[in-house]
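This briefing walks through the fold of one protein chain. It starts from a helix and the sheet beside it, then turns to the cores and the overall dimensions.

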Amino acid sequence: MRRVIVACGCGISSRFMVERLKRYLGEQGILLEVSAANEYEVAQREADVILVGIPLKYKFQGIKEEVAQHFPDTRVVLIDKKTYEEQDMANITRLALEALGETL
């Protein structure tokens with residue numbers, strides 16, 4: 001199963017987002033393994049896609065580079081501000097699937 005990590009800072013908001021995303025994916029019949037990570041562990045965990053929340057925008061390039069050192073095949077994507085603030089699960093899913101080379 002494809003793995004997606006959501007990282008938003010200290011991990012609290014990403015955990016809430018992951019719970020909502022899991023419900024949305026289940027409703028849509030989309031099979032993805034989704035988990036949350038904080039800014040310190042995100043680059044140490046293997047995944048197919050890492051979605052980085054806007055609170056970590058200032059660290060995005062560094063996260064991307066660190067992930068590439070450990071897991072060169074992992075795609076790292078920044079969740080845009082509007083999608084993050086609105087907790088738009090459809091758009092977050094679209095971002096993950098596009099990074100995987102798939103569509104809704």
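The buried residues of α2 pack against β3 and β4. The model is a predicted one. The protein chain holds four helices and four strands. Read from the N terminus, its elements run β-α-β-β-α-β-α-α.

**Helix α2**

- Which residues of α2 are buried? They are F60, I63 and V67.
- Helix α2 spans residues 60-70 and lies across β3 and β4.
- Against β4, helix α2 runs at about 170°.

**The sheet**

- In what order do the strands of the open sheet lie? The order is β2-β1-β3-β4, with parallel pairing across the four strands.
- β2 and β4 are the edge strands, and each pairs on one side only. Strand β4 covers residues 75-78.
- On average, neighbouring strands of this sheet are turned by 20° against each other, direction ignored.
- β1 and β2 run parallel and are joined by five bridges.
- V4 has V34 of β2 standing opposite.
- Helix α4 also packs on the sheet, where it touches β1, β3 and β4. The direction of α4 makes about 145° with that of β3.

**Nonpolar cores**

- In soluble globular proteins, nonpolar side chains tend to be buried together.
- The largest nonpolar core here has 24 residues. V6, L32, V34 and L51 touch the most other members.
- Which elements each supply at least two residues of this core? They are β1 (3-7), α1 (12-28), β2 (33-37), β3 (49-52) and α4 (89-99).
- The largest share of this core comes from α4, with six residues.
- A second, separate core has 13 residues. Among them are A43, A47, I50 and V76.

**Contacts of L32**

- L32 is one of the residues that touch the most other members of the largest core.
- What does L32 contact, leaving aside its neighbours within four places in sequence? The partners are M1, R2, V4, L25, L97 and L100.
- One of these partners, V4, is also the residue that stands opposite V34 in β2.

**Residue E85**

- E85 sits in helix α3, which spans residues 81-86.
- Is E85 buried or exposed? Its relative accessibility is 53%, so E85 counts as exposed.
- In sequence, E85 and I54 are 31 residues apart. In space, their C-alpha atoms are 8.5 Å apart.

**Overall dimensions**

- Along the principal axes, the C-alpha atoms fill a box of roughly 35 × 25 × 20 Å.
- How much of the chain is buried? Of the 104 residues, 47% count as buried.
- Among contacts with a separation of 6 or more, 69% come from residues 24 or more positions apart.

Note on methods: Residues numbered from 1 in each chain as written. Predicted model: local features only at pLDDT ≥ 70, side-chain atom pairs only at ≥ 80, totals over all residues. Heavy atoms only, no water. Core = buried A, V, L, I, M, F, W, Y, C linked by side-chain atoms within 4.5 Å. Buried < 20%, exposed > 50% of the residue type's maximum accessible area, 1.4 Å probe, protein only. Contact = heavy atoms within 4.5 Å. Pairing = 2+ DSSP bridges. Axes fitted to C-alpha atoms, helices over the stretch in contact; angles between N-to-C directions.
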